[in-house]
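Good morning, and thank you for making time for this presentation.

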Amino acid sequence: MATPQELLDTLLRITRLLSTRQSLEASLQAVVDAARELLAADHASIRLLDETRTRLLMGARTGEGVASRPVEFRPGEGAIGWVVEHGEALLIPDAAADPRFSPQQGQGFAIGSILAVPLVAADQTIGVLSLSARGI
């Protein structure tokens, strides 16, 4: 687990990085890298709704499974889709025991626990930041 100073250093680093002019993709990647580091997750991703609000597109990801093709989700589908549909954060300590979690074929890594947070702009959920760990 990170020390308070390491947490502060990471948050300051990400704040400085996000205040610079860079692409959206680079900014999203910096966020998932920092989130994974801060929470010691095995995988982190940001998915954003497409313009029709019917699919969640991969914005950035890091950790286990990045060599595999990203699994597609729609609002209401799986834990990530649940977060989009309800606009609420979700903590699932044991993914296998939660009906909102739906393992996907081609996932590329095992998921034991999940934390997913809605990304909101103008009072609308526009995507999800999710982190997962192998363990419970």
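Predicted model: local features only at pLDDT ≥ 70, side-chain atom pairs only at ≥ 80, totals over all residues.

Let me start with a strand pairing: β1 and β5 run antiparallel and are joined by 6 bridges. Strands and helices here are DSSP runs, E of at least two residues for strands and H or I of at least four for helices, numbered from the N terminus; two strands pair if DSSP finds at least two bridges between them. Within this pairing, arginine 47 stands opposite valine 128 in β5.

Residues are numbered from 1 along each chain as its sequence is written, and side-chain values use heavy atoms, with hydrogens and water left out.

I return to β1. This strand also pairs with β2, in the antiparallel sense and over 7 bridges, and the bridge partner of isoleucine 46 in β2 is alanine 60. The two strands form a hairpin with 6 residues between them, and arginine 53 in the turn has a positive phi of about 60°.

How many of the residues of β1 are buried? The count is 7 of 7, where buried means under 20% relative accessible area, exposed over 50% and partly exposed in between, with a 1.4 Å probe and protein chains only. In a regular strand, side chains alternate between the two faces of the sheet. In β1 both faces are covered, with His43, Ser45, Arg47 and Leu49 on one side and Ala44, Ile46 and Leu48 on the other.

Next, helix α3, residues 78-86. It is largely enclosed by the rest of the structure, because 7 of its 9 residues are buried. Those buried residues pack against β1, β2, β3, β4 and β5, contact being heavy atoms within 4.5 Å. Just after α3, glycine 87 takes a positive phi of about 65°.

Arginine 61, in strand β2, deserves attention. A polar atom of the arginine 61 side chain does lie 2.9 Å from the backbone oxygen of valine 66.

Finally, the salt bridges, of which the structure holds 6. One of them joins the side chains of arginine 13 and glutamate 37, at 2.9 Å from N to O. Arginine 13 lies in helix α1 and glutamate 37 in helix α2, so the pair ties together parts that are 24 residues apart in sequence.

Another forms between arginine 134 and aspartate 42, with the closest N and O atoms 3.1 Å apart. This pair links the segment after β5 with the loop between α2 and β1, 92 residues apart. Aspartate 42 is buried, at 16% relative accessible area, whereas arginine 134 is partly exposed, at 48%.

A further salt bridge joins glutamate 72 and arginine 55, the closest N and O atoms being 3.9 Å apart. Glutamate 72 lies in the loop between β2 and α3 and arginine 55 in the loop between β1 and β2, so this pair ties together parts 17 residues apart in sequence.

Definitions and conventions:
Polar contact = N/O pair within 3.5 Å; in protein donor to acceptor, adjacent residues only side chain to side chain. Salt bridge = Lys/Arg side-chain N within 4 Å of Asp/Glu carboxyl O.
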